[in-house]
Amino acid sequence: MKEEMSMNAADTGFVLVSAMLVMLMVPALALFYGGLVASRNVLSTTMHSFVLLGVGALLWPLVGYTLAFGPDVHGLIGGLENIMLFGIGKEPLSGGSIPALAFMAFQCMFAALTPALISGAYAERIHFQAMLLFSVLWLLVVYCPMAHWVWGGGWLMKMGALDFAGGAVVHMSSGSAALAAAIVLGKRSTMGRRAGLPHNIPMTVLGAGLLWFGWFGFNAGSALAANGLAANALVTTHLSAGCAILGWLAVERLHTGHFTVLGAASGAVAGLVVITPAAGFVEPWAAIVMGLLGGAVCYGGIFLKKFFNYDDALDVVGIHGVGGVLGALLTGVFASAAVNGVDGLLYGNPHQLWVQFVSVIATLGFCFPVSFVLLKITDRLVGLRVPLEKEVTGLDISEHSESGYQI
């Protein structure tokens, strides 16, 4: 009877559906990334995302969940009390209205999606077994501590850092790892000749649309209840994504003289990234501003790889890294207590912007060097990069003995 009194069926159903929407983002990302690579690498690139649903389904219940959300250990990591989901069942978490298993499942989808985002940086040149090993190590050593710091009672949460749905945990962490991967693996050998041109932009646009759809579960679901906060998060998510398309295209037109379809798809994703930490803290008008800024700034972010001469194949750094940093800082500017109890700089609380800045530095300062070391360990153990002849042939044939298209 106690469980029935504390459980809320509407909240539970909402979070379960949100978990399904976040799960959909993984194959959506596979489509988005798959269309951007050369046709000889479409299967390997989609596999990089899809297989992580399996990795997350194994690691998260075994040990990942407890490292992220187990009892706090010195603000740094969760304890092992919930290993193999011990104590996580149908009863709600303390103070919650949904089963602990529903929350676990929702977070499991985040754990699968985040390392998949990194794969856009090393596309078209990494061994599949190396990708798997690195993803396993990264999920446990980088993602789980970050999730604990921000959401699981860790030191950033105690400090008051705002990250509604993953600006630091998902986007800055994956963007940092993507930069490390681009540096460690080096440039694609065919870069500037055959590599770098999308083989199927309609496929990428479809993926972007499905990502947008799934992102409603990603952001609104992070309210963990079917309430007004979830509605606010859904609205701010949509407004930011739509306005970021316009911001990206405006700058692209000034820069190149053209409005591209790929630019529209990239702008939408940039807007979704930027609003992620803020979706449950800012008002709708602020989401419009954040989207316009996000589209414009992330368009500039994709040129960092040319300036610093690294090969981030699918612009993970420029969109997720830059967009995550921008979103975290703007959350400190536009957060409103009328939405979720915390004011930012614009409402007379400059300290929140400082807290957000510290969270950005901490995230980048932890995720980049640790990801770099994990990549070096992976290279030593199994070898990161495919040989030149396999890279030229394409990873679909050389790594998977399959072809995406039968001609």
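**Buried residues, core and cavities of the predicted model**

Glu 124 is buried, with a relative accessible area of 3%; buried stands for under 20% relative accessible area, exposed for over 50%, and partly exposed for the range in between, with a 1.4 Å probe and protein chains only. The model is a predicted one, in which local features need pLDDT of at least 70 and side-chain atom pairs count only at pLDDT 80 or more, while totals for chains, interfaces and linings use all residues. Residues are numbered from 1 along each chain as its sequence is written, and side-chain values use heavy atoms, with hydrogens and water left out.

Glu 124 lies in the loop between H4 and helix H5 (128–151). Helices (H or I, at least four residues) and strands (E, at least two) are DSSP runs numbered from the N terminus. The phi angle of Glu 124 is near 75°, a positive value in a residue other than glycine. Met 84, also not a glycine, has a positive phi of about 55°. Met 84 is placed in the loop between strand E2 (77–78) and H4. With a relative accessible area of 63%, Met 84 is exposed, whereas Glu 124 is buried.

The largest nonpolar core has 124 residues, of which Trp 60, Tyr 143 and Phe 218 touch the most other members. Such a core is a set of buried Ala, Val, Leu, Ile, Met, Phe, Trp, Tyr and Cys residues joined through side-chain atoms within 4.5 Å. Helix H4 (residues 100–122) gives the most to this core, with 16 residues.

His 171 is found in helix H7 (residues 167–185) and is buried, at a relative accessible area of 1%. The side chain of His 171 makes a polar contact with the side chain of His 320 at 3.1 Å. A polar contact is a pair of N or O atoms within 3.5 Å; within protein, one must be able to donate a hydrogen and the other to accept it, and residues adjacent in sequence count only if both atoms are side-chain atoms. Not counting residues up to four places away in sequence, the residues touched by His 171 include Leu 117, Trp 215, Phe 218, Thr 276 and His 320.

Phe 164 lies in the loop between helix H6 (155–159) and H7 and is buried, with a relative accessible area of 10%. The C-alpha atoms of Phe 164 and Ala 278 are separated by 6.0 Å, although the two residues are 114 residues apart along the chain. Beyond four places in sequence, the residues touched by Phe 164 include Trp 151, Asn 219, Thr 276, Pro 277, Phe 281 and Asn 340.

Rolling a probe the size of a water molecule over the atoms shows where empty space is left. The structure holds 2 cavities of 30 Å³ or more. On a 1 Å grid over the protein atoms alone, a cavity is a set of points where a 1.4 Å probe fits but cannot get out, and lining residues have an atom within 4 Å of a point. Grid points are joined across faces, edges and corners, and a volume is the space filled by probe spheres set on the points.

About 60 Å³ of space lies in the largest cavity. Helix H2 (9–34), helix H8 (201–220) and helix H13 (316–334) are the elements that give two or more residues to its lining, with H2 giving the most, 3 residues. Among the lining residues are Leu 117, Trp 215, Leu 314 and His 320. The lining divides into 9 nonpolar, 1 polar and 1 charged residues. Here Ala, Val, Leu, Ile, Met, Phe, Trp, Tyr, Cys and Pro count as nonpolar, Asp, Glu, Lys and Arg as charged, and the others, Gly among them, as polar. Leu 314 is in the loop between helix H12 (304–308) and H13 and counts as buried at 7% relative accessibility. Leaving out residues up to four places away in sequence, Leu 314 touches Tyr 33, Leu 36, Val 37, Thr 45, Gly 120 and Ala 123.

The second largest cavity holds about 50 Å³ of space. H7 and helix H15 (350–382) are the elements that give two or more residues to its lining, and H7 gives the most, with 3 residues. Its lining residues include Asp 163, Met 172, Pro 277 and Gln 356, and the lining divides into 8 nonpolar, 3 polar and 1 charged residues.

Definitions and conventions. Contact = heavy atoms within 4.5 Å. 1 Å grid on protein atoms, 1.4 Å probe; cavity = no way out; pocket = protein on both sides within 12 Å on 5 of 7 lines; lining within 4 Å.
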